[in-house]
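Please look over the sequence and the model below before reading on. The report that follows takes up selected residues and then the surroundings of the ligand.

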Amino acid sequence: MERTLSIIKPDAVAKNVIGKIVDRFESNGLRIVGMKKIQLSKSDAGKFYEVHAGRPFFGELVEFMTSGPVVAMVLEGENAVAKNRELMGATNPKEAEAGTIRADFAQSIDANAVHGSDSLENAKIEIDFFFAGRELL
Ligand code: GDP
């Protein structure tokens with residue numbers, strides 16, 4: 001059993017497809033153990049994406065992630081980290097496999113519908129960033 005962090009990004013929240021994305025997780029054996037809708041501040045987004053701080057797209061990324069509310073979720077299940085990444089599809093929706101969340105709901109490399117932790121180690125850090133233990137049930 002693993003836990004991983006998923007974020008439904010501002011583009012997908014604005015498109016009113018929260019339920020459709022959650023259904024992908026639930027239909028594929030992942031359970032929602034924590035969930036919240038939240039408006040990130042610039043400082044929150046900068047901290048969350050700290051590893052990308054040196055990248056040329058960092059400013060755009062922070063701008064985009066604070067452009068509207070997001071939905072943060074903790075998904076639990078067997079191989080949850082890899083399974084979530086598989087359901088998400090490639091970072092660039094144009095390269096995402098058919099039937100993945102990004103192929104179906106994303107427009108561009110920055111407005112790409114979802115975030116998912118890329119390792120179990122980062123999942124723990126990212127879950128702690130958004131959730132207190134008592135919010136995970
Ligand atoms: P992910 O794990 O698939 O989300 O991808 P990364 O961890 O590599 O990048 C984090 C986020 O930064 C991605 O989801 C994109 O929204 C954004 N991003 C990555 N590469 C680029 C890029 O070349 N240009 C822009 N504008 N955004 C990017």
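In this predicted model, Arg3 has a relative accessibility of 32% and therefore counts as partly exposed, since that class covers values between 20% and 50%. Arg3 belongs to strand S1, which is made up of residues 2-8. In sequence Arg3 and Val74 are 71 residues apart, yet in space their C-alpha atoms are separated by 6.5 Å.

As a rule, most residues other than glycine have a negative phi. Asn16, although not a glycine, has a positive phi near 65°, and Asn79, likewise not a glycine, has a positive phi of about 50°. Asn16 is placed in the loop that runs between helix H1 (10-14) and helix H2 (18-27), while Asn79 is found in the loop between strand S3 (70-77) and helix H5 (80-88). With a relative accessible area of 69%, Asn16 is exposed, because the value for an exposed residue is over 50%. For Asn79 the relative accessible area is 48%, and this residue is therefore partly exposed.

The remaining part of the report concerns the ligand. Where does the ligand sit? The ligand is located in the largest pocket. The residues around the ligand are Lys9, His52, Phe57, Glu60, Leu61, Arg85, Thr91, Arg102, Ile109, Asp110 and Asn112. Sorted by class, this shell consists of 5 charged, 3 polar and 3 nonpolar residues.

| Residue | Ligand atom | Distance |
|---|---|---|
| Lys9 side chain | oxygen | 2.9 Å |
| Glu60 side chain | nitrogen | 3.1 Å |
| Arg102 side chain | oxygen | 3.1 Å |

Each of these pairs can be read as a polar contact, because the cut-off for such a pair of N or O atoms is 3.5 Å, and the distances are 2.9 Å for Lys9, 3.1 Å for Glu60 and 3.1 Å for Arg102. In terms of surface, the ligand taken alone exposes 550 Å², and the protein buries 80% of that area.

Conventions. Residues numbered from 1 in each chain as written. Predicted model: local features only at pLDDT ≥ 70, side-chain atom pairs only at ≥ 80, totals over all residues. Heavy atoms only, no water. Near = heavy atom within 4 Å. Polar contact = N/O pair within 3.5 Å; in protein donor to acceptor, adjacent residues only side chain to side chain. Areas by Shrake-Rupley, 256 points an atom, 1.4 Å probe, with all protein chains shown as cover. 1 Å grid on protein atoms, 1.4 Å probe; cavity = no way out; pocket = protein on both sides within 12 Å on 5 of 7 lines; lining within 4 Å. Sits in = over half its atoms within 2 Å of the grid points. Nonpolar A, V, L, I, M, F, W, Y, C, P; charged D, E, K, R; others polar. Helix = DSSP H or I, 4+ residues; strand = E, 2+ residues; numbered from the N terminus. Buried < 20%, exposed > 50% of the residue type's maximum accessible area, 1.4 Å probe, protein only.
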